[in-house]
Amino acid sequence: MSPRCVYRNVVNNSHFFSRACDIQPSDIICSPLPLCHSFGLVCAFLGSFIRGSLIVFPSEKFSADTLVDLFQDRDITVIYGVPTMFFAVLEKSQRRSHKPRSLVKAIVGGAPVPYALITQIFQEMRPQYVLNGYGMTETSPATFVTPLGHCSESSLKTIGKVMPHTNAKIVDRDGRIVQQGEKGELCISGLPLQKGYWEDEEKTSEIMKRDADGVSWLHTGDEAIIGEDEHCTITGRIKDIIIRGK
């Protein structure tokens, strides 16, 4: 199988995500995300490469102090990060009374994003837009993103709308599609899907299942609702996950 075929989902994902975020060649992007993380590699780095933007990696390891300094030294217009990074930067900025001077977009993902954090980013970092992205490594990774310009409270409490060449459905425990507005498991199909887990057919078949039409759907394990406005809201986790850290 050619490399072009293998990486098509990743390259397309970086293209469509950066386009949804309206990344421009004139942007100066700051990404403290590690390149071993799909959010940092695909959405931030490859996205900037495809759009011809300058990207700055502030430090080898994440440092909130370094990020605050960078905002004073460079005209950063876009910042990517996971919620914990933004919490740390906001805390340092408040202590040092430093605010970004040219920030246009703050793009948050990689973990559930509290609405209180989005509000604080608007108040303290003063971007024009805060965009919330959702996805999994298994989906290249991004599958949902806040539509640009949708800055209402109801919109920002969601993960946005499904991306191009991506399909989403909400199913019950028996795999049947629920009525619009009802809770169920979020499933994804389309271009972003992985082919499967390396040499693990059992795990692959556990989360990737074909419907009656032969379409492969990835079961995310996330409980969600898709409303009439097509915005998706994550309401819980169907699969139990234990996260441990030092």
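This is a predicted model: local features need pLDDT of at least 70, side-chain atom pairs count only at pLDDT 80 or more; totals for chains, interfaces and linings use all residues.

Guide: Residues are numbered from 1 along each chain as its sequence is written, and side-chain values use heavy atoms, with hydrogens and water left out.

Visitor: Which residues of α6 are buried, and where do they lie around the helix?

Guide: Helices are DSSP runs of H or I with at least four residues, strands are runs of E with at least two, and both are numbered from the N terminus. Buried means under 20% relative accessible area, exposed over 50%, and partly exposed in between (1.4 Å probe, protein chains only). In α6, residues 115-125, the buried set is Leu117, Ile118, Ile121 and Met125. Down the axis they fall within an arc of 100° (taken from the directions from the helix axis to the C-beta atoms), so they line one face of the helix.

Visitor: Which exposed residues sit on the face of α6 turned away from its buried side?

Guide: The buried residues pack against α4, α5, β4, β5 and α7, where contact means heavy atoms within 4.5 Å. The face turned away from them carries the exposed residues Ala116 and Gln123.

Visitor: How many residues apart in sequence are the parts tied together by aspartate 65 and lysine 92?

Guide: A salt bridge puts a side-chain nitrogen of Lys or Arg within 4 Å of a carboxyl oxygen of Asp or Glu. Aspartate 65 and lysine 92 form one, with the closest N and O atoms 3.7 Å apart. Aspartate 65 lies in α4 and lysine 92 in α5, so the pair ties together parts separated in sequence by 27 residues.

Visitor: Is aspartate 222 buried or exposed?

Guide: Aspartate 222 meets arginine 237 in a salt bridge (2.8 Å, N to O). Aspartate 222 lies in β11 and arginine 237 in β12, so the pair ties together parts 15 residues apart in sequence. Arginine 237 is partly exposed at 36%. Aspartate 222, at 12% relative accessibility, counts as buried.
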